[in-house]
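Here are a few exercises to work through with the model open in your viewer. Try each task before you read its solution.

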Amino acid sequence: MRFYDFLVSIGSNGQILAGIGAVLATLVAGIGSALGVGRAGQAGAAVVAEDPDKFGSVLVLQLLPGTQGIYGLLIGFVIASKAGLLGGGSAITAAAGLQLLFASLPIAFGGLLSAIAQGKVAASGIAMVGKRPEESGKAIIFAVMVETYAVLALLFSFLMVNGVAV
Amino acid sequence: MIVPMKRLTLVGLKADQEQILSALQSISAVQLISAEETAASEGELSRLEARVQRLDSAQSLLKPYAKSAGLLTPKAEVAAEELTGGIESSLEICSDVEALDREISLSRGEADKRRALMESLRPWEELTDGLETIRSTHNARVVAGMLPVESLAQLEEINAAVQIFGGEKEKALLIACHESDWAELAPILRAAGFQDTAFPGLTGTAAENIARLEKEIAEIEQKQKELTEQLAAMGAHRDALCRALDGAVIERDREAGKLELGSTDATFLLSGWARADQTDEILEKLSAVTDACYVDFTDPQEGDAVPTVLKNNKLVKPFEAVTNLYSLPAYGSVDGTPLMAPFYFIFFGMMLSDSVYGIVLALGAWFFLKKAKPTGMMGGLAGVLLMGGISTIFMGLLFGTCAGVSWPVIFKGTALETVFPLVDSSTEPIAMLVVCAGLGLVHMFYAMFIAAGNCIKNGDWVGAIVDHLSWVCIITGLLLLAAPMLGLPAIVGTIGKVMAIAAAAVVFLFAGRAKKNIAGRLLGGAGKLYDIASWLSDVLSYARIFALGLSTGVIGLVLNTLCWDMLFASFKGNPILMIVGFVIVTALSVALHLFMMAISTLGCFVHTARLQYVEFFGKFYEAGGKAFNPLGYKAKHVKVK
């Protein structure tokens, strides 16, 4: 089989396309969350080293960039079940598969970049908690501002997936 | 609501000062205002402050060795006299702890010094001569030192005897040459990176020395262990130290309070803020101490920095924690707490939207409140979660799921099967979006009415109509404009059109009224009309209610599918395996659901708060209130009776 034929066979298989979409949503958004939570965690360790009592409010801030990965998993799962990838489904058309693939992109990349950005804000917020623990609520709100765009991406991805007829 | 405040002015005899302050501190009702000149008690204050510091560092040293109180143990209730009475004896414990700590760090330093010396001797282990023999004689120059491995080749040609010993990156070199050759050799060595090593005061071979040091280190470590055990044995005293610390803080705060007072030789002047509803209590308390004092309460003046105290009924009280996370309202403005509490209640429930999670959350928060009796921020947050949990139970039924299982599956075959959920967000997303946007509009219109009410209270009728009410008309008009599409009579659409245009005209003509010239005014009005874009984005912001609700439901579904449809299904066929599998899968799914519930609860808490802060408070709230910080008992470790 030549490479061209290989591409055609993928492009004409709805389930493979939908599978790529499910993987992208879970993987790319997950990478974002991992980076974001990791970055915030490093900042958190520094603050907790100074004052272990701040663990609670630091942990909340560290968790915030983690939601994008969950949103990605959510969309990945919805796509996979819609395309019958979890077993027991019938084959879907190439067009529907492509639609599902595109539907995964908002949460994949919206999630990736917003989680990274949110991780930075959370890390700064954690530094703020180190200096002024009484203001941790404000640090949380700053981080939540970023998450708005992950929520919007999740919403649109879901609406798109929901709209695909299989 | 915001509690009205009074300014307290008290003139009393110096002789009564301590008792009066003590009485005021015990009811925690007065925030002191600094007098112009300060009394000279700073020496005493720094002594008390040092005491607080000592007790604090001693108790934190003992922290690892003390039995920690569980999360659910409420703080012990102790009388203030009991706290301050234990300070002296605790200071003695403090000295012991400090002495032990000093000894431990001293011996740690000793051990480190020996370890470093040992490391520097390691490369010389193979040298069989005593270290004291490495010294120059009249004719021969003998040097010892370290050289990087890569520079070894540079020394091949030199006119000296070289002995090389172990070491991986650096080699230990013993070099001997004739005194007359040294002048030539020294620069070569230096260029190659050779570094002299001296062994001052060491006798015997390196290996002997290392063995001796090892023995010494072991002895020091043994001593360190003993010291640490002594410190650990003192862990039981930490409780007493903590109480003494709280007592010391109380005494320090009272002394610091004295700095705020003005005074003459015989009298002192105290001024401070007190809640208007606590004036009687203050008078009563003062009269119990002395009757030789003058007390007066006056209303705050314009420009006074009056502290803010919130007062709300039991149901709304917990939500003050949410308001406090943002910022207290300025004194004299509106307290947003009772206004936003119902919305917080509804939005939180809709976001978490899983009845089982709601039950677990409500029970957990209730249990925590009952057992640990948290106060302050912690207590407020637990209260909010309790209310949020209750809301979630109902909202889960209306819009959500039941531990990830959809209601039609649970009510299968009953009359309720087609009733719940009222709107299923996973199959009717558009309907759910409309519900969210509708609630959002109600939320924001309410904020606009509050803002308009504020304007009217200040006599600014024009502001109320132009800046706030006209926007309600524009948005309502635009919504009515779309009504005929839903099958309502066309006349409704026409009314909507007229309403929107008229209100927009009002904004266009009057919103820029602060500007003098007509062009600037109209430009300002047109700019204001552009706010329609921010209304649109604000409404969209409420879509997060839908998104978070959906995320809880679908993640629950994912967990159930993984645990039951996939994992448990793989045990099918063998009855014994199925029983074992059932136990494992049940435990696993409960753990996973609890974990997801915790994450979702955090998300719902912060996103609901955001809707209040940005979309709601943004329209009317005057932040920047200063917290009421009365002279009182600020005990961290116990609750003062």
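Buried means under 20% relative accessible area, exposed over 50%, and partly exposed in between (1.4 Å probe, protein chains only). This is a predicted model, where local features need pLDDT of at least 70, side-chain atom pairs count only at pLDDT 80 or more, and totals for chains, interfaces and linings use all residues. Residues are numbered from 1 along each chain as its sequence is written, chains are lettered from A and ligands numbered from 1 in the order in which they are written, and side-chain values use heavy atoms, with hydrogens and water left out.

**Exercise 1.** Work out what share of the residues in chain A is buried.

*Solution.* Start with the count: chain A has 166 residues. Apply the cut-off, and buried residues come to 46% of them.

**Exercise 2.** Compare the radius of gyration of chain A with that of a compact globule.

*Solution.* First, the rule: 2.2 Å times the number of residues to the power 0.38, with the radius taken over C-alpha atoms. Next, check the principal axes: the C-alpha trace spans about 60 × 30 × 25 Å.

**Exercise 3.** Which residues have the most contacts inside the largest nonpolar core?

*Solution.* Gather buried Ala, Val, Leu, Ile, Met, Phe, Trp, Tyr and Cys residues joined through side-chain atoms within 4.5 Å. The largest such set has 108 residues, and Val322(B), Tyr344(B) and Phe620(B) have the most contacts inside it. Its largest share, 13 residues, comes from helix H20 (residues 575–620) of chain B. Apart from this core lies another, of 19 residues, including Val52(B) and Leu91(B).

Terms used
Helices (H or I, at least four residues) and strands (E, at least two) are DSSP runs, numbered from the N terminus.
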